[in-house]
Structures are given as C-alpha cells and as structure tokens.
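Hello,

I'm handing over a structure that may be new to you. Please have a look at it below, and then read on for what turned up.

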Amino acid sequence: MEVEHVSSVYDYVSGAIAGSLGVVTGHPFDTVKVQLQIRQANLEVVSLRECYQAVKTQNLARGFFRGLSWPMLSYGIINSVFFGVYGSTMKLLNADISGKTPPDYTKICLAGGLGGLCQLVPAVPIDVIKVVLQSQIPHRTTESGGKYYKGPIEGTRDILRSRGFLGMYRGLPTQALRDVPASIAYFLIYEFLIYHGVKSFPNTSSTLQNFVFGGVAGVVSWALIMPFDVMKSRIQADNDRKLYSGFLDCVVKSYKSNGIKIFYRGLSLTSLRAFPVNGITLMSHIELMKLFGEKKHQA
C-alpha cells in the first residue's frame with residue numbers, strides 16, 4: 001500500500017513539472033489566440049495579422065509573454081492534478097497503461113473525465129486572470145471597459161474585492177464543457193496511438209513516440225472543443241458582465257455578430273500551439289515517471 005501511495009505521488013510531481021515546461025512553449029501562441037477570440041473593431045473580428053502586430057508592438061513582457069508568470073507557476077498545479085488524478089484513477093481501476101496491452105477505453109474515459117473535472121478547481125481562476133491580462137494588449141482597458149491590471153496579483157485582488165470569490169470562477173460551466181470532453185478525448189487518442197505505435201514501430205524511440213502521439217492527441221482534442229474555448233475566452237475577458245450575461249447569451253451574440261465562423265476563431269493557431277505544448281508536456285511527464293522508476297509506455 002505504501003508503494004502504491006508513493007507511486008501516485010510521482011504522477012502529481014511529474015505532472016507539475018511537465019505542465020510548467022509545456023506552458024512556456026505555448027504561451028506566445030496562446031496570447032495571440034486569446035486576442036483573436038475576444039478583440040472586436042466596429043463589430044468586425046480583427047485578423048490574425050492585426051492581432052499579431054498588436055501584440056508584437058509591446059515588449060515581450062507586456063506582449064507575447066503577458067501574464068506568463070501566472071500560468072507558468074499555476075499550470076504546474078493544474079497538470080499535477082490532471083495527470084495525478086488520471087494516473088491514480090487508472091491504478092485504482094487496475095488498468096494497464098504500459099502501452100503493450102489493448103487499452104481499456106471505458107476506464108480511460110472514466111479516469112480522463114475525472115482528471116479533467118478535478119483540474120477545474122485550480123484551472124478556472126488561473127484562466128480567468130490569464131485571459132483578462134491577455135485581453136488588455138495593447139496597454140488599454142478591456143473590451144468591456146474594465147480596469148487595466150499590471151499583473152496577476154493586482155488582477156486577483158481587484159476581482160476578489162469587486163466580485164468576490166465567484167468572480168474568480170467566471171465561465172466555470174463553459175470551461176467544464178471544454179475541459180472534461182477534451183480530457184477524455186486526449187487520453188483516448190493518446191492511449192490508442194501509443195498502443196498501435198508500440199506494435200507498429202517497435203524500434204522507434206519511446207520518447208519520440210510520446211512526443212508525437214501526445215502532440216497529435218492535443219491537436220485533435222482541441223479541435224473537438226474549439227467552440228467552447230472561444231466562448232470561454234469571451235466570457236472570462238468580460239469579467240464585469242458588461243457584454244455577456246452567460247454562456248447562451250455569448251453564443252447568440254457572437255453568432256449574430258460574426259456567424260458560425262466565430263466558433264472556430266483561432267483554430268489554426270491553437271493547433272500550431274497544441275502540438276508542441278502537448279507533445280512536450282506528455283513526453284516530459286512520462287520521461288519523469290521513468291526516472292522515478294515507473295514503467296510507462298516504453299517501446
């Protein structure tokens with residue numbers, strides 16, 4: 001029992017380290033993506049080029065890496081919960097995750113969904129602050145006329161003071177609709193690919209397989225839930241509730257203003273970001289687990 005307990009701790013520790021490594025890689029892409037999803041000019045969505053130029057005109061700290069300190073530290077917590085709960089649940093269900101036996105997709109769905117659900121506790125307030133900070137590029141008030149925050153601490157204090165604890169969980173239902181299905185899809189796709197990859201490419205480095213299959217799983221899972229990501233960004237950027245009263249109101253107004261295409265706003269940039277971020281995150285997690293003595297997905 002003590003060995004199992006230590007083994008579960010490794011899932012949380014490696015998830016924390018891997019999550020921090022992944023977020024640094026993808027933050028510049030994420031900043032431009034958020035700009036694409038929430039910025040408007042005369043009720044018309046601005047182009048990728050305009051968003052890129054707006055971010056580029058700032059220095060790195062206030063532009064591409066605006067708000068990075070917050071997710072870099074906190075995404076370690078998110079991924080610690082995400083991978084930790086998934087790994088612990090799979091162990092509890094006695095599921096084989098070596099990649100050498102056929103995956104039990106029912107158990108993967110349960111573990112992935114639970115991991116996605118539990119990580120919402122730290123993920124939603126972290127995303128609220130990140131999106132608000134990213135929406136304030138260039139140096140200006142938010143689209144809804146809110147305050148400009150110098151950093152995550154100031155933003156957190158102001159939201160807690162003006163809107164209370166619930167203000168930090170703005171967009172929770174929408175983020176749940178995004179994260180839980182995405183988590184299930186992510187692990188389903190990865191476990192499917194790694195099982196067939198080990199069989200089809202037995203001489204290929206397991207590290208390379210984990211990077212590639214993790215990246216593919218990330219791209220596909222993000223593409224599946226992209227409409228919810230767009231709505232989440234818009235709702236959380238509007239933390240004062242001046243533009244949208246909730247999820248359905250955001251969907252209706254976004255559709256009326258920009259049509260069906262708005263729901264896939266930023267998909268190409270998200271896919272470009274998702275491959276290296278998810279590849280590095282999952283590869284790092286598994287390599288760390290090997291370092292800790294956990295035999296996971298070795299070719």
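**Helix pairs and a kink**

In helix α9, F228, M231, R234 and I235 meet F247, C250, V251, S254 and N258 of α10; contact here means heavy atoms within 4.5 Å. Helices are DSSP runs of H or I with at least four residues, numbered from the N terminus. This contact divides into six nonpolar residues, two polar and one charged, where Ala, Val, Leu, Ile, Met, Phe, Trp, Tyr, Cys and Pro count as nonpolar, Asp, Glu, Lys and Arg as charged, and the others, Gly among them, as polar.

A word on the source: this is a predicted model, with local features needing pLDDT of at least 70 and side-chain atom pairs counting only at pLDDT 80 or more, while totals for chains, interfaces and linings use all residues. Residues are numbered from 1 along each chain as its sequence is written, and side-chain values use heavy atoms, leaving out hydrogens and water.

Now to α11 (residues 267-291). Its 25 residues should span 36 Å at 1.5 Å a residue, and the end C-alpha atoms are 35 Å apart, which agrees; the expected span is 1.5 Å times one less than the number of residues. There is a kink of about 30° at A274, shortly before the proline P276, the bend being the angle between axes fitted to the seven residues ending there and the seven starting there. Just after α11, G293 has a positive phi of about 95°.

Happy exploring!

Definitions and conventions. Helices (H or I, at least four residues) and strands (E, at least two) are DSSP runs, numbered from the N terminus.
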